[in-house]
Amino acid sequence: MAMIELDRLTKFYGKNRGIENISFSVEEGEIFGFIGPNGAGKSTAIRTLLNFIYPTSGTARIMGMDAVKESTRIRKMTGYLPSEVHYYDEMKVKDLLSYSAGFYRKDCKRRASYLAERLELDITRKIEDLSFGNRKKVGIVQALLHDPRILILDEPTSGLDPLMQHVFFELLREAREKGATIFFSSHYLSEVQKLCDRVAIIKEGKLIKVENMEEVRRNQFKNVSLFFHETQPNAIHIEGMLQDEKIPHGVRFLYNGSSKQLLEQLKNVPFDDVLIEEPTLEEVFIHYYEKGGDEA
Ligand SMILES: Nc1ncnc2c1ncn2[C@@H]1O[C@H](COP(=O)(O)OP(=O)(O)OP(=O)(O)O)[C@@H](O)[C@H]1O
């Protein structure tokens, strides 16, 4: 059974497009990334999943339950971190956490102390006295507190320093080892690259592609730089060549295809030096964003 399932999910804010016809599913035990530029529709999709906003059409299901009709049950089983956390500022962190634990009807004291210790969060402080990053940590502890089967996290790492991001990823891995399914949005490709099994790429409200990270990691994409000491050909034609750009004394391009075929084709190019590198996901995804993913 899919743990999270979006079926032609569409949300318009009046005439404004939020998301349009988004369909994909997240399987049990996956860490699934949801990535796209500002305004792509990530938060809209996530908030629809949690029934904070209603879909214009289409459906969303969590563990087979309809996101609108069974939202209370869903929220009890889900750990959710909104992109912006708003709390009762007067409250102490520990009081907020026991209040949350009450909602889940679970004694989460030990778990709260463990998470707070890992994230170096002082739970005796008042929320109003916390920095943005520390408030984010409160949100993370709250989401992980009851060992939910599903974690839905909207830009969880924004505001965390690199060390804390690392700790946070460890906590996600631990949650996954205990069987959790994790869905999180991000702008940062590097963190998706580190952590996710699959990733959905969204742009301007539309799903561009769902990609298996294992495939992306050992994908056929290469960054190729060809250097010419003297004369450079006016044009180079290589099948699978994408996004070519001029560089000093040469040309650089993203190549999509097998290395063997690349080497075959390079035989016909009078270059003096070549550099073949693994591209970052950023470079691969820029290609998706620009071309709508059609060619890949
Ligand atoms: N309450 C709202 N009223 C009107 N339009 C909205 C509202 N919330 C979001 N939108 C629009 O919906 C689109 C998707 O926004 P959304 O916040 O879901 O994107 P996002 O991918 O989460 O962006 P970011 O990475 O900047 O958080 C944007 O064009 C945005 O302007």
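**A helix and its surroundings**

1. In helix α5, the buried residues are Arg 135, Lys 136, Lys 137, Val 138, Gly 139, Ile 140, Val 141, Gln 142, Ala 143 and Leu 144. Keep in mind that this is a predicted model. Burial here is a count: a residue is buried if 20 or more other C-beta atoms lie within 10 Å of its own. Ten of the 13 residues of α5 are buried, so the helix is largely enclosed by the rest of the structure.

2. What do the buried residues of α5 pack against? Their partners are the strands β6 and β7 and the helices α3 (93–104), α4 (109–118) and α6. As for its length, α5 reaches 19 Å from its first C-alpha to its last, which is close to the 18 Å expected at 1.5 Å a residue.

3. The whole chain gives the setting. The protein chain has 296 residues, and 35% of them count as buried. Ten helices and 14 strands are found in the chain. Its C-alpha atoms fill a box of roughly 70 × 40 × 35 Å, taken along the principal axes. Among contacts with a separation of 6 or more, 70% are between residues 24 or more positions apart.

4. Six strands form an open sheet with mixed pairing, in the order β6-β7-β8-β3-β9-β10. Strands β6 (78–81) and β10 (206–212) stand at the edges with a single partner strand each, so one side of each is left without a neighbour in the sheet. From one strand to the next, the twist averages 15°.

5. Inside this sheet, look at β3 (residues 31–35) and β8 (residues 181–186). The two strands run parallel and are joined by five bridges. Gly 33 stands opposite Phe 184 in β8. Helix α6 (residues 162–177) packs on the sheet and touches β3, β7 and β8, with a direction that makes about 150° with that of β8. Helix α5 (residues 132–144) lies across β6 and β7 (150–153), and runs at about 170° to β6.

6. There is also an open sheet of four strands. Its order is β2-β1-β4-β5 and its pairing is antiparallel. Which strands stand at the edges? They are β2 and β5 (65–66), each with a single partner strand, so one side of each is left without a neighbour in the sheet.

7. Ile 4 stands opposite Ile 62 in β4. Helix α1 packs on the sheet, where it touches β1, β2 and β4; the direction of α1 makes about 115° with that of β1. As a reminder, strands of a sheet pair through backbone hydrogen bonds, either parallel or antiparallel.

8. Thr 59 lies in strand β4.

Leaving aside residues up to four places away in sequence, Thr 59 touches Asp 7, Leu 9 and Asp 66. The C-alpha atoms of Thr 59 and Phe 184 are separated by 19 Å, and the two residues are 125 residues apart along the chain.

9. Next, the ligand. How many residues surround the ligand? There are 13, and the closest are Tyr 13, Asn 38, Lys 42, Ser 43 and Thr 44. The elements that give two or more residues to this shell are β2 (16–27) and α1 (42–49). Helix α1 gives the most, with three residues. By type, the shell divides into two nonpolar residues, ten polar and one charged.

10. Asn 21 is not a glycine, yet it has a positive phi of about 55°. Asn 21 is placed in strand β2, and it counts as partly exposed, with 14 C-beta neighbours inside 10 Å.

11. The other angle belongs to His 249, a residue other than glycine whose phi is positive, near 60°. His 249 is in the loop between β12 (241–247) and β13 (250–256). With 14 C-beta neighbours inside 10 Å, His 249 counts as partly exposed.

Definitions and conventions. Residues are numbered from 1 along each chain as its sequence is written. This is a predicted model: local features need pLDDT of at least 70, side-chain atom pairs count only at pLDDT 80 or more; totals for chains, interfaces and linings use all residues. A residue is near a molecule or strand if its C-beta atom, placed from the backbone, lies within 6 Å of it. Ala, Val, Leu, Ile, Met, Phe, Trp, Tyr, Cys and Pro count as nonpolar, Asp, Glu, Lys and Arg as charged, and the others, Gly among them, as polar. A residue is buried if 20 or more other C-beta atoms lie within 10 Å of its own, exposed if 12 or fewer, and partly exposed in between; C-beta atoms are placed from the backbone. Two residues are in contact if their C-beta atoms, placed from the backbone, lie within 7 Å. Two strands pair if DSSP finds at least two bridges between them. Axes are lines fitted to C-alpha atoms, for helices over the stretch in contact, and angles run from 0 to 180 degrees between N-to-C directions. The expected span of a helix is 1.5 Å times one less than its number of residues.
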